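Okay, everyone, thanks for coming. Let me put the model up on the screen and then walk you through a few spots.

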Amino acid sequence: MKNFFADRLFDTFDIKKNGVIEFDEFVRSLSVFHPDAPESDKIEFMFRLYDLKHNGFIERDELKEMVLALLREMNVDLADDAVDGILNKTILDADLNGDGKIDLEEWKTFGDHSSVSKLRDTYDSPESGSNSISRASTV
């Protein structure tokens, strides 16, 4: 069974794009997770993680794929309209020049780039209502 995040991390760590994570790539990539790593390095790493097409932009379909993968990892099942709401709000907030995609500079301006905490904050708020989110069955 393939793991979307493992594949994305591998692809992001494989800086030379040769299908192998060499030691220098491994060390360089892991350094971004150090608490003292510059925030700009962390933001750029997250941007590369979300830029599935490697075209320098995060487009709606890439954002959707990442959001759905995060929800699956968290064992959360949201209605399609709730997912669309997350996508619409993210694009509205992050796409500063209105071209329908998010570039690195817009991503940097966007603010907190932890999708998991953004989702949690959004759906744990009192305004979201108790039926906005449901745990997927593990059976």
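Before anything else, a word on burial: buried means under 20% relative accessible area, exposed means over 50%, and partly exposed is whatever falls in between, using a 1.4 Å probe and protein chains only. What you see is a predicted model, where local features need pLDDT of at least 70, side-chain atom pairs count only at pLDDT 80 or more, and totals for chains, interfaces and linings use all residues. Residues are numbered from 1 along each chain as its sequence is written, and side-chain values use heavy atoms, with hydrogens and water left out.

Let's start with the aromatics. Rings of Phe, Tyr and Trp (its six-membered ring) pair if their centres lie within 6.5 Å; planes under 30 degrees apart count as stacked, over 60 as edge-to-face, and the rest as tilted. Searching the whole structure turns up six aromatic pairs. One of them is Phe 13 with Phe 45, edge-to-face, at 6.1 Å centre to centre and 70° between the planes. That pair links distant parts of the chain, with Phe 13 in helix α1 (residues 4-13) and Phe 45 in helix α3, 32 residues apart. Helices here, by the way, are DSSP runs of H or I with at least four residues, strands are runs of E with at least two, and both are numbered from the N terminus. Phe 45 is buried, at 3% relative accessible area, and Phe 13 is buried too, at 8%. Ring pairs also join Phe 13, Phe 26, Phe 33 and Phe 45 into a cluster.

Next up, Glu 106, over in helix α6 (residues 104-110). Lys 101 has its charged end over the ring of Phe 57, 4.1 Å from the ring centre; the test is NZ of Lys or CZ of Arg within 6 Å of the ring centre and within 35 degrees of the ring normal.

Last, some backbone. His 54 has a positive phi of about 55° although it is not a glycine, and His 54 sits in the loop between α3 (39-50) and β1 (57-59).
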